[in-house]
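Here is a short briefing to read alongside the structure. Have a look at the model, and then let's walk through its core and its ligand site.

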Amino acid sequence: MSEMRKVQRSVVEGVGARLPEKRVTNADLEKIVDTTDEWIVQRTGIRERRIAGPGETTSVLATGAAQDALAKAGRSAADVDLIVVATSTPDYTFPSTATQVQAALGITRGAAFDVQAVCSGFVYAIAIADKFIASGSHDCALVIGAETFSRILDWQDRTTCVLFGDGAGAIVLARGEGEGKISDRGVLTTHLRSDGRHREKLFVDGGPSTTGTVGHLRMSGRDVFRHAVGMVTDVMTDAFAATGTSAQDLAWFVPHQANERIIDASAEKLGIAPEKIVKTVHTHGNTSAASIPLALSVACGDGRIKRGDLVMLEAMGGGFTWGSALVRW
Ligand code: ACO
């Protein structure tokens, strides 16, 4: 009988985070560029962000988040056979940040690699790790979003430098068994999209194969905004359709934290109640691939997200890339 068929699920066992020490408020930014706290709060909801110091590289933050997630899961590094780090700001062009995390954790087995999908990176990384675990090839993954966007910002460009922050978040995703039903714990469905025609709306103007430099982030914010709500609500609608669920079934909505107005408009379009939205954009800014696991860490830490809750994750970012993941906690 098909209802009795056991299926491999990848289950979230623990969530962790690591933020840089240095807190930078909007008032601090008023001293650097021609901006105001009022403009930033009204347009984005951001009040402060963390900025990494010289020693706080992406791999250092990622390792801290991974250690926290392992501790929360009650797991040791020896259990891990897959590390996927979502980042667009790696320590080096190569080797990958994931292999540096692997070495820092003392892991010598399994596979470690980076995923580059800008702000959608964490959703891409979950989708990849879920498929590895569901296939039976791997048992226990660290899925990490880690960024130091402050290193690629043009600190003279007020239209971008006020929007971003640094940090890392991680989850332990491990094999569990389900019955193929939406009541199963674990990742229930993922939906990834990309469309490279939108490159010029959000990009970095340097790289190893073009300028031989790291480059700076460039963004046409208004153009990104115009596409964002439609794209993220499309992939959430796909997730609902694939599972026969609806906005009413969600316990929590944990979106990419780019801008409060995009978050609110997306929730409203799908009928997700405001009290179900987890928002950390006011204290973290846009931390790109780190924003979802950082938000998860806050909402798991304060007891909002509990075992059995249905949680919708979504993100949209440079490329464009966008995606959703529907997870039973
Ligand atoms: N302080 C004060 N004024 C500013 C600032 C600032 N920091 N930045 C821009 N302005 C000015 C502009 O110069 C412009 O002035 P003008 O009218 O005299 O020309 C005015 O404010 C309005 O600028 P807009 O860009 O039209 O402002 P908008 O309301 O669109 O808000 C924002 C800008 C916040 C960037 C918004 O467009 C947005 O959030 N877009 C989405 C960005 C986003 O989410 N990016 C992340 C995507 S994920 C990833 O992959 C990185």
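Which residues of the largest nonpolar core touch the most other members? They are Val-162, Leu-250, Phe-253, Ile-272, Met-312, Met-316 and Phe-320, out of 42 residues in that core. Please keep in mind that this is a predicted model, where local features need pLDDT of at least 70, side-chain atom pairs count only at pLDDT 80 or more, and totals for chains, interfaces and linings use all residues. Residues are numbered from 1 along each chain as its sequence is written, and side-chain values use heavy atoms, leaving out hydrogens and water.

**The core**
- A nonpolar core here is a set of buried (under 20% relative accessible area, 1.4 Å probe, protein chains only) Ala, Val, Leu, Ile, Met, Phe, Trp, Tyr and Cys residues joined through side-chain atoms within 4.5 Å.

**The ligand shell**
- The ligand is surrounded by 27 residues, each with a heavy atom within 4 Å of it.
- The closest are Thr-35, Arg-43, Cys-119, Arg-222 and Asn-259.
- Domain 1 (7-178) and domain 2 (186-328) both contribute to the shell, so the ligand lies between them; the bounds come from an automatic or database domain assignment.

**Polar contacts (N or O pairs within 3.5 Å)**
- Arg-43 places a polar side-chain atom 2.5 Å from a ligand oxygen atom.
- Arg-158 has a backbone N or O atom 2.9 Å from a nitrogen atom of the ligand.
- A polar backbone atom of Gly-318 is 2.9 Å from an oxygen atom of the ligand.

How values were computed. A polar contact is a pair of N or O atoms within 3.5 Å; within protein, one must be able to donate a hydrogen and the other to accept it, and residues adjacent in sequence count only if both atoms are side-chain atoms. Buried means under 20% relative accessible area, exposed over 50%, partly exposed in between (1.4 Å probe, protein chains only).
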